[in-house]
Amino acid sequence: MTSSPRPVGQPVRHPDRPPLNRRLAEFGTTIFAEMSALALSTGSINLGQGFPDTDGPEEIREAAVRALRDGRGNQYPPGPGVPELRAAVAAHQERRYGLLYDADTEVLVTAGATEAIAASLLALLEPGDEVVALEPYYDSYAACIAMAGARRVPVTLRPHVHDEGASFRLDLDELRDAVTDRTRLLLVNTPHNPTGTVLTRDELAAIAELAVERDLLVVTDEVYEHLVFDDAEHVPLATFPGMRERTVTIGSAGKSFSFTGWKVGWVTGAPALVSAVRSAKQFLTYVSSGPFQYAVAEALALPETYFAAFRADMLAKRDVLAAGLAEAGFRVFRPAGTYFVTTDIRPLGESDGFAFCRALPERAGVVAIPNAVFYDDREAGAPFVRFAFCKQVEVLQEAVKRLRAAF
Ligand SMILES: Cc1ncc(COP(=O)(O)O)c(C=O)c1O
């Protein structure tokens, strides 16, 4: 049988059916693409997307060059990641948190935390499962839950004003109420993007108790584990009683060592969970970032002085941007972690973060992201706008100058 000719560019069948499937239809193009294009066309300072404008440690760059020149990792590395990196991840979790993981069966290297999230959700969810996630949420969560055919159930972090300032807090009753018999998994993120909230030990203990009581799996995105400020403390969820066996923990070299382009991430967890995640991962990328894996293994073994300096540098940047935004008239939610600061634009007489961010490049020569893109409840997120401070101090100072002049 011969098929009839069809015009170039037409789908083979169902010409009135859109190419993008129903599960992804709501996601379209990310706001980051639109805002980065605006930054370019207007010559604005881009405080939208979260990537540092300086590379991580020189010796780690050199380690990558060495690996590449020595022919280590230029061909497909082993599926779970190179042994050196898996051992370094296990050693890091033990040294910092007292968490013992077997490097062969309980560590998996991924193409950034992004693939770790995708593979975890695709592996652990069945269509119809519910996933309780903190809202606002990192944008890939919703898309990956949708690709798995599952349903997201957001629990919204709400702004609170208290003695030390203002921050977004989790309502533990709301979290408990969100869990149903269909809930398969809690998706947690601490330190939290975009609010900068670091969940406290008590909050984490309550989440852990709930997970154990309702027999839930937990995927916890801890990519900003090294960026906590003031007296905040990062406590991995996997350290709480009953959690090690039900928790998949996600880390990222992009975030911890300022090499976001290398796309090296990892998961740690009990063998059955890691093996499940690996089943999905092998059909997404199979493997990635060969030579960079060797360099990241060295990075994870850097002395505490590296991590302390990284934190101190980012803290100084936070303070420049947070103070400048406050002086320009924003209400600032001073972040206890991450390299993002969320602001409320209502003191400026504004209430629509989308409109505000679309106008900001022309108005002030600065690009920011409307937090509403991280919400199902767009109304709840409408007045909030996120700025990234992982930029050189002079860049932040110039951004602050522009914002103060504009408002
Ligand atoms: C909360 C969170 N998770 C995951 C990622 C992705 O990390 P990676 O670049 O390692 O894929 C990001 C990046 O911004 C993030 O903010």
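In which strand is the place of Ala-166? Select Ala-166 in this predicted model: the residue belongs to strand β6, which covers residues 165-169. Ala-166 is buried because its relative accessible area is 10%, under the 20% limit for that class. Next, display the surroundings of Ala-166; beyond its neighbours within four places in sequence, the residue is in contact with His-160, Val-161, Val-332, Phe-333 and Arg-334.

Now zoom out to the whole chain. Its secondary structure amounts to 14 helices and 15 strands. Viewed along its principal axes, the C-alpha trace spans about 65 × 60 × 50 Å. The radius of gyration is 22 Å, which agrees with the value near 22 Å for a compact globule of 407 residues. Of these 407 residues, 55% are buried. Among contacts with a separation of 6 or more, 74% are between residues 24 or more positions apart. Colouring by charge brings out 41 positive and 53 negative charges, whose mean positions are 5 Å apart.

Select Ser-120 next, in helix α4, residues 112-124. Is Ser-120 buried or exposed? The residue counts as buried, because its relative accessibility is 0%. A polar atom of the Ser-120 side chain lies 2.6 Å from the backbone oxygen of Ala-116. With residues up to four places away in sequence set aside, Ser-120 touches Val-219, Val-248, Ile-250, Val-267 and Val-277.

The following stops concern the backbone. Select Glu-135 and Pro-136, which are joined by a cis peptide bond with omega of about 0 degrees. Pro-136 is in the loop between β3 (130-135) and α5 (139-147). Proceed to Thr-190 and Pro-191, where the peptide bond is also cis, with omega near -15 degrees. Pro-191 is placed in the loop between β7 (183-189) and α7 (201-213).

Finally, select Asp-230, in the loop between β8 (217-221) and β9 (247-252). Although not a glycine, Asp-230 has a positive phi of about 55 degrees. Ser-258, likewise not a glycine, has a positive phi of about 60 degrees. Ser-258 is in the loop between α8 (253-257) and β10 (264-268), and is buried, with a relative accessible area of 9%.

Notes:
Residues numbered from 1 in each chain as written. Predicted model: local features only at pLDDT ≥ 70, side-chain atom pairs only at ≥ 80, totals over all residues. Heavy atoms only, no water. Helix = DSSP H or I, 4+ residues; strand = E, 2+ residues; numbered from the N terminus. Rg over C-alpha atoms; globule rule 2.2 N^0.38 Å. Buried < 20%, exposed > 50% of the residue type's maximum accessible area, 1.4 Å probe, protein only. Contact = heavy atoms within 4.5 Å. Lys, Arg positive; Asp, Glu negative; His and termini not counted. Charge placed at Lys NZ, Arg CZ, Asp CG, Glu CD. Polar contact = N/O pair within 3.5 Å; in protein donor to acceptor, adjacent residues only side chain to side chain.
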